[in-house]
Amino acid sequence: MKTTHKIIQGDALKVLKTIPDNSVDLVFADPPYNMSKKKGLNWAYSKHVTMQESWDMFSKDDFFKFNNGWLAECFRILKHGGSLWISGSFHNIYQMGFIIQQFHPEIKINNSIVWFKPNAQPNITCRFFTESTEHLIWATKNGDGKKWKFNYQWTKDHITDPINPIGKQTRNVWSIPLTPKSEKWAGAHPTQKPFELLKRIILSSTNEGDLVLDPFVGSGTTSAVAKYYGRNSIGIELSDKYIGIIKKRLQENQKTLSGSQTEITIEKFKD
Ligand SMILES: C[S@@+](CC[C@H](N)C(=O)[O-])C[C@H]1O[C@@H](n2cnc3c(N)ncnc32)[C@H](O)[C@@H]1O
């Protein structure tokens, strides 16, 4: 089997409009959380995690408009029976839930997952509880007689961590350490997700040969995991800075689980 992996450098809001309706099996989105300092909501609960990324700064109204826009496009391109996973923190996750429940009655939220980080950074201000979780929404588009995929047996047989013993039903609390240095060999991205997190998401809700799309692919984790496990992928990323990291992760690490062939293309989006 051969899989294809396309990276498109451009603004997700524009690129998504060029993707056909009902064509993607899984969207994983790790969007800007709007937690960077300077502008916007100005959340800063720990100096260690304070970010100053221009792509992560919005006014309150712009942030709502942005989230509304990309979510609507993602639901449009999702196949019936497809899944959309969103990761976030308290800064943005409630807004995503509100948008889905208020404006997308056709979408069903199946679960929210709490990702517990056992080695989270300490809170040096000592004025808050230590943030040690992120939150994920698993939503599905069910229609045309099709319902979501859930590879239940795989989750039972393969997911294991200090909260989830192997062979038991997997709980909606996952214990996964912060992205290890060994996964950051291709360069630094401030919010690179662990391979294990994407592995659980992709393998529980897609089959081999399915198409996975990530509108905010960052350092390319979603594409790298999709490639390794025999799924096709499309990744969209705005910043020039991260395209080099993605290129290295996809091109230099040719290994796939089944040894299957892969084709990788990286292109700039033209308006
Ligand atoms: C939270 S990070 C994603 C990290 C990714 N999950 C990983 O494992 O590396 C969000 C990414 O979205 C990109 N981004 C922000 N706004 C964007 C937009 N409008 N279109 C495409 N990418 C965007 C940022 O450059 C950043 O790399």
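Predicted model: local features only at pLDDT ≥ 70, side-chain atom pairs only at ≥ 80, totals over all residues.
Biologist: In what order do the 9 strands of the open sheet stand, and which strands are at its edges?

Modeller: The pairing within this open sheet is mixed, and its 9 strands follow the order β6-β4-β5-β3-β2-β7-β8-β1-β9. Averaged over the sheet and with direction ignored, neighbouring strands are turned by 15° against each other. A strand with a single partner has one side left without a neighbour in the sheet, and the strands placed in this way at the edges are β6 (173-175) and β9 (261-268).

Biologist: Which strands does helix α2 lie across, and at about what angle does it run to β3?

Modeller: Helix α2, which covers residues 60-77, lies across β2 (24-29), β3 (78-88), β4 (107-116), β5 (133-141) and β7. Relative to β3, the helix runs at about 150°.

Biologist: Is helix α5 largely enclosed or largely open, and how many of its residues are buried?

Modeller: Helix α5 spans residues 195-205, and its buried residues include L197, L198, R200 and I201, as well as I202, L203, S204 and S205. The helix is therefore largely enclosed by the rest of the structure, the buried count being 8 of the 11 residues.

Biologist: How many residues of α6 are buried, and what phi does G230 take just after this helix?

Modeller: Helix α6 is mostly covered, with 8 of its 8 residues buried. The buried residues run from T221, T222, S223 and A224 to V225, A226, K227 and Y228. Just after α6, G230 takes a positive phi of about 75°.

Biologist: What is the volume of the second largest pocket, and which residues lie nearest its centre?

Modeller: The second largest pocket holds about 380 Å³ of space, and at least two residues of its lining come from each of α1 (12-15), α6 (221-228) and β8. The lining divides into 14 nonpolar, 8 polar and 5 charged residues. Of the 27 residues that line this pocket, those nearest its centre are D30, P32, W55, F216 and E237.

Biologist: Where is C126 found, and what is its relative accessible area?

Modeller: Most residues other than glycine have a negative phi. C126, however, has a positive phi near 55°, and this residue is found in the loop between β4 and β5. C126 is exposed, because exposure requires a relative accessible area over 50%, and the value for C126 is 65%.

Biologist: In which loop does D144 have its place, and is this residue buried or exposed?

Modeller: D144 is not a glycine, although its phi is positive at about 55°. Its place is in the loop between β5 and α4 (152-158). With a relative accessible area of 64%, D144 is exposed.

Methods
Residues numbered from 1 in each chain as written. Heavy atoms only, no water. Pairing = 2+ DSSP bridges. Helix = DSSP H or I, 4+ residues; strand = E, 2+ residues; numbered from the N terminus. Axes fitted to C-alpha atoms, helices over the stretch in contact; angles between N-to-C directions. Contact = heavy atoms within 4.5 Å. 1 Å grid on protein atoms, 1.4 Å probe; cavity = no way out; pocket = protein on both sides within 12 Å on 5 of 7 lines; lining within 4 Å. Points joined across faces, edges and corners; volume = space filled by probe spheres on them. Nonpolar A, V, L, I, M, F, W, Y, C, P; charged D, E, K, R; others polar. Buried < 20%, exposed > 50% of the residue type's maximum accessible area, 1.4 Å probe, protein only.
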